[in-house]
Amino acid sequence: MKEEPGYYDYWPYENRPKIKWPNGARVALWVAPNIEFYELNPPANPHRAAWPQPYPAVGGYSIRDYGNRVGHTRQMQLLEKYGIRGSISLSTALCDHHPEIIEMCKERNWEFFSHGIYNTRYTYGMSEEQERDMIRDSIETIYKHTGQKCAGYLAPALSHSEYTLDLFAEAGTELFGNDAGFYTCDLFHDDQPTPIHLRSGKRFVSIPYSLEMNDTIAYVVNKIEPRRYGQMIKDNFDRLYQEGAESGTIMCIPTHNYQVSCPHRLRAFEEALEYITGHSDVWITTGKEIAQHFLDNHYDTINDDIASKIVGAK
Amino acid sequence: MALDKEYLEYSKRQYGMDHDRYSWSMLEDRPKVNWPDGKSLALWVNVSLQYFPLDQKGIPFKVPGGMTMPYPDLRHYSLRDYGNRVGIYRFFKAFDRFGIKPTIAMNTRLAEKYPYLLKKVVERGDEIICHGYHMDALHHDGLAEGEEAELVSKSLDRLRELSGQKVEGWLSPARNESSITPELLKQNNVRYFCDWVNDDMPYSFNTENGPLVAMPLSNELDDQFILMNNLHSEQSYVEQIEDSCDLLIKEAETSGGRILALNIHPWLLGQPHRIAKLEALLEKLTSNPKVWSASASDILNAFENQ
C-alpha cells in the first residue's frame, strides 16, 4: 500500500492562476444524476457485501428500483425546466435493462460517463486485467448504445484499486485515442480542476464532483432534513459564486433518482436550482465540457504553477 | 490477486429486471388512474400495531425498534407497549376528528393478547391487515422448511378468526421477506402486500402460485424512518409530508391519481409531544378537497376498477 494516492500534487488555494470559463462565468455548474442498476443477487465480493440484509434485500433493492421506475422522469423534467443537461454517472448495464431511460437522456443531449457496469460489482479484489476488462466493457457499452465516447469515470460504488484511473485513461485511449477517458470524478480534494499524474502521461484531469453535495451522502449517511439539504446547496453555491469572481470555480450536484426525486425531497432541490439559475455568470454545463475546456485552455499553465509550488517537498 | 471468473460474468444483463418478480415499467408511461369523485390523491394512513416480545431472539437480526439491552429490556418493551395502551387511542380520536379512514396493520400476537384493542378496531370498522405474528417473528431464508409456511398460515388464520375480517393485506415485520414469502402469502389468499417500495402505485407481483399486488407503502415517509432512523424533527416530518402531498397532487394533474401512503406508529407519533403534529398534519391534508382518505383495499379496488 502507498502512503498517498500520488495522482496529484499539493496546490494551495491562494495565488493560483486565474481560470476563465466561457463568457466570463464565475461558476461552472454541473449536475450529475447517477443512474444505477443494483442487482438483487450479485456474486459475492470478498471485501464488501452488496446488501446489509440477507437475500432478498427487499428494502435496499426496491428503493433503488424506485429511482428508475418513478424518480428518473421527475428529475429529468425538473432539470429540463432549469435548462440543465445531466451528466449521467451510468451503471452501463442499464443500457440493456432500461433502454427507455437511455433514449430519453440521449434525446436531450445529456452526457453519459462510466460508473462501471453494475453498482453491485466492486473493484475490490479484481486483478488489473479484470478491472481493465470491466472498464473497457463499460466504455464500449456507452458507445454502442449512445454513440458517445466516454470521457469520464466514477468507479462503481466508489470502489477503487491503485490502478483505477490509469486503467480508465488507457482503456479510453485504446478505444478512442484522446477523445475518451480524460477526466475522473473520484477525487474530492479541490473546487477547481486538477491535472492528474498517470503512468501513461496522458493529459487527464480531475473534475470536482462533491461528496458533500451528493444527495445520498446527505440523506443516507448524514441523514439531513430535505429543506436543509436545499439550503446547503444554496450556501455552497453562494461561496463558489463569490470566489468565482477571482478565478473560475466548479459546483457539482451529484444526485440519485431514488433520493432527490422522492416526493418529500424534490421541492427543496427545485428551490435550490431556481436560486442558482437565477444568477447571471453561471456556466451551466457538463462534466466533459468542463474537462475539455480546462485541457484546452488551462492545463499547461496550471501544471507549471503547481510545479513551482511543490519545490522542496520531500 | 483476482476475483472468481463469475464476478465478471453478467448472466442477467438483459432487457427488464434481473429477476422475474415483476415487469419493468416506468410510472410515467402507464395509463392514468382516476380516483372516485375526481380526487387527485388517495391518502392511505397505515397504522402499525406491533408487539415486541421481551424474550427477543433477534434472528436473523434485531428488529429495528425492538429490544437492544440485556434481558429484561423493560425500557423498550414498555415504551413500545405504550403505543398499544395510550398512543393508539390518541390516533383514533384524531382519525375521527379529521375523517381519516385508516388501515390497521396488526401483529397477530397483539390481537391474541389484547382482545379489547382488537374489538375496538373491529367495531370501528377499520380494515385490518396482517403484520406477521409479532415483531421478532421475522421471515427469512434461515427458517427450516415448513417453518415459514406455518408462521404465515398461523398469523393469517388466527387474525382472520379473531377479527372476523377477510384480512387480504400483508406487511412483513421489518418488511423482511424470505425468498418464498410472496409464494406463501398467495397460497394463504393474500391479495396484496406492502413490503416493496419501488413504486408510487400498485403493480402486479409474480409468485409461483399466481400474482399478488404490491401496494406502495412508502418507507421514506414512515415516521419511524424519519424520526427514529434519520433523527429529523417533528416539524421536518410534517414538512416532508406536506411537500410530498403538494408534489403528488401537482403530478396528478398531468399523470393521473396518486397515493400518499403514511405508515405511522402509535409508540412514536402517539406520544404527547408529537400527537399535535400529527393532528395538524391530518387537518391540513384532509382540508384539501383533492384528497381522498381511504383504506388500502378501497384504493386497490378503485385502482383495479379502472
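Helices H7(A) and H8(A) cross in the right-handed sense (the near helix is turned clockwise from the far one by less than a right angle). The model is predicted: local features need pLDDT of at least 70 and side-chain atom pairs pLDDT 80 or more, whereas totals for chains, interfaces and linings use all residues. Residues are numbered from 1 along each chain as its sequence is written, with chains lettered from A and ligands numbered from 1 in the order in which they are written.

H7 spans residues 226–243 of chain A and H8 residues 266–277; their axes come within 8 Å and cross at roughly 20° (axes are lines fitted to C-alpha atoms over the stretch in contact, with angles from 0 to 180 degrees between N-to-C directions). H7(A) is therefore roughly parallel to H8(A) (an angle under 35 degrees). Among the residues that meet are A:Tyr229, A:Ile233 and A:Phe237 in H7(A) and A:Phe269, A:Ala272 and A:Ile276 in H8(A) (C-beta atoms, placed from the backbone, within 7 Å).

**Strand S3**

Strand S3(A), residues 111–114, is covered on both faces: A:Glu111 and A:Phe113 on one side, and A:Phe112 and A:Ser114 on the other, are all buried (20 or more other C-beta atoms within 10 Å of the residue's own). S2(A), residues 87–90, pairs with S3(A) in the parallel sense over 4 bridges (pairing requires at least two DSSP bridges). A:Ser89 has A:Phe113 as its bridge partner in S3(A).

**Contact between chains A and B**

In chain A, 39 residues are in contact with 47 residues of chain B. H1(A) gives the most to the side of chain A that touches chain B, with 9 residues.

Key: Helix = DSSP H or I, 4+ residues; strand = E, 2+ residues; numbered from the N terminus. Parallel < 35°, antiparallel > 145°, perpendicular 65-115°, else oblique. Contact = placed C-beta atoms within 7 Å. Buried ≥ 20, exposed ≤ 12 C-beta atoms within 10 Å, placed from the backbone.
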